[in-house]
Every structure is written in C-alpha cells, then in structure tokens.
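Hi there,

Here is the structure I promised to pass along. Have a look at it first, and then read my notes below.

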Amino acid sequence: MNKFLLLLFLLFLTTTSQAGMRMGEWGMVMNENHDKLPQGCAEIAGEENITIKAGREYAKEFPGTIFGYSQHEFKFPKCTKVNVTFINEDDIRHQFMIHGLPTYLHSEGMFHMELYGRGETKGSFITPKTEETYLAHCDIAQHMEKGMKAQVLVGGGSGNLPSIPGITGQLNKDRYDLDTSISNLAIIAVLFLLGFVISIFLVIQRKK
C-alpha cells in the first residue's frame, strides 16, 4: 500500500513538472517557460531580471485602491527571457498573472505566480515575437478591481490598457455629482432654516 501511494506521489510530481508547475505550502508557479522558443524567434535575444513586489503599501499613492504592485508597467524586447522574482509583502494571498501569451507555450495563455502570504518565489517566461500589450493582475476576488493590475509591453506594445494605476485613467470612474435640482435645493434650504431656528431656540432657553 505504501509503495502504491509513493508511486502515485512520484507520478504527480512528474506530471506537474512536465506541465511547468511548482507548488507547495508557500504557493505556486504555473506555466513557466525557461527555454522553449516562441514562434518566429530564432533564439533567445536576451535576458532580463525583474522584481515585483505586491502589497497594500503600493496602493497608497493611488486614491481608491487597496492593493498594488511596486511597478504597474513593464517593457521588454521580443524573444527575451524574463526572470521574475515575485515578493508578497502582505499576510494574504497575492498573484502575478500574465494573460494572452501563446497557448502552445502556456496553458490557457497564462503565466501564473502565487504566494499564500509573505514570501518570495521565482519564475520565467519568454516574450513572443509580436508587438503586444498584455494584462498582468491578481485574480483573487476584488484585488484587481482594487488596484492590483499592470501592463506588460512587448516590443512597442499594442497600446495602453485602461485603468492601470499611474498609467491610464479609470475606464468607469466613480462619480459623486451634486444634485442641484430645485427639489433638492428646497430641501437643503428647509433643513438649513430648521437648524437655524433650533439654534436660536436653544440659545434663548439657556438665557432663561
């Protein structure tokens, strides 16, 4: 029985390794690519090392956000190997996910890094030979909506994405317009007058 369980465990490790997946009690890295060339790339043109930090600290300069990355835009040449060091500075789960990459290299077109709490992990991917802008974000509920997103430009990119903190404005801005209709102004005037009358009444009562 023990040998059978050991065999299953080894089979699981082999399968996840072949799928480009590493996981443990710290978190996971999925669909990384160290050496498989994207179509059109004759060789790896270069190598870049980046560090991405995630946490509440990086939302402070962007009103209305709660979470953020230490950097919200990344620019890489085509056919370049990018080695990512991902650091989570919070005590909750955070992710760094890039979407839209070639599916023949990355399952569902995704490169995924995740940490279940404070910690650090590393992963790599190779940029395609296309001028493209990719979305990077944290897929934990409401983390992207609250500021944890970035854009990755390969080559010159294909334009900016909306609602990237510090890069582009919000796609759907929160609006708090003052309603200046006659009915609302009348209510405000009545409340102001009522407050004034009550104040006068209280002053008179104190003098008695």
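**What I found**

The protein has an accessible surface of about 13,000 Å², and carbon and sulfur atoms account for 59% of that area. Please keep in mind that this is a predicted model.

On the overall fold: the secondary structure consists of two helices and 11 strands. Read from the N terminus, the order of elements is α-β-β-β-β-β-β-β-β-β-β-β-α. Of the 208 residues in the protein, 37% are buried. If you take the contacts between residues at least 6 apart in sequence, 68% of them link residues at least 24 apart.

The residue I looked at in detail is glutamate 114, which lies in strand 8, spanning residues 110–115. Is glutamate 114 buried or exposed? Its relative accessibility is 2%, so glutamate 114 counts as buried, the cut-off for that being under 20%.

Which side chains make polar contacts with the side chain of glutamate 114? One is arginine 93, whose side chain is joined to that of glutamate 114 by a polar contact of 2.6 Å. Another is histidine 112, with a side-chain to side-chain polar contact of 2.9 Å.

Leaving aside residues up to four places away in sequence, glutamate 114 touches Trp26, Gly27 and Met28, along with Phe86, and also Arg93, His94 and Gln95.

Best wishes

Definitions and conventions: Residues numbered from 1 in each chain as written. Predicted model: local features only at pLDDT ≥ 70, side-chain atom pairs only at ≥ 80, totals over all residues. Heavy atoms only, no water. Helix = DSSP H or I, 4+ residues; strand = E, 2+ residues; numbered from the N terminus. Buried < 20%, exposed > 50% of the residue type's maximum accessible area, 1.4 Å probe, protein only. Polar contact = N/O pair within 3.5 Å; in protein donor to acceptor, adjacent residues only side chain to side chain. Contact = heavy atoms within 4.5 Å. Areas by Shrake-Rupley, 256 points an atom, 1.4 Å probe, with all protein chains shown as cover.
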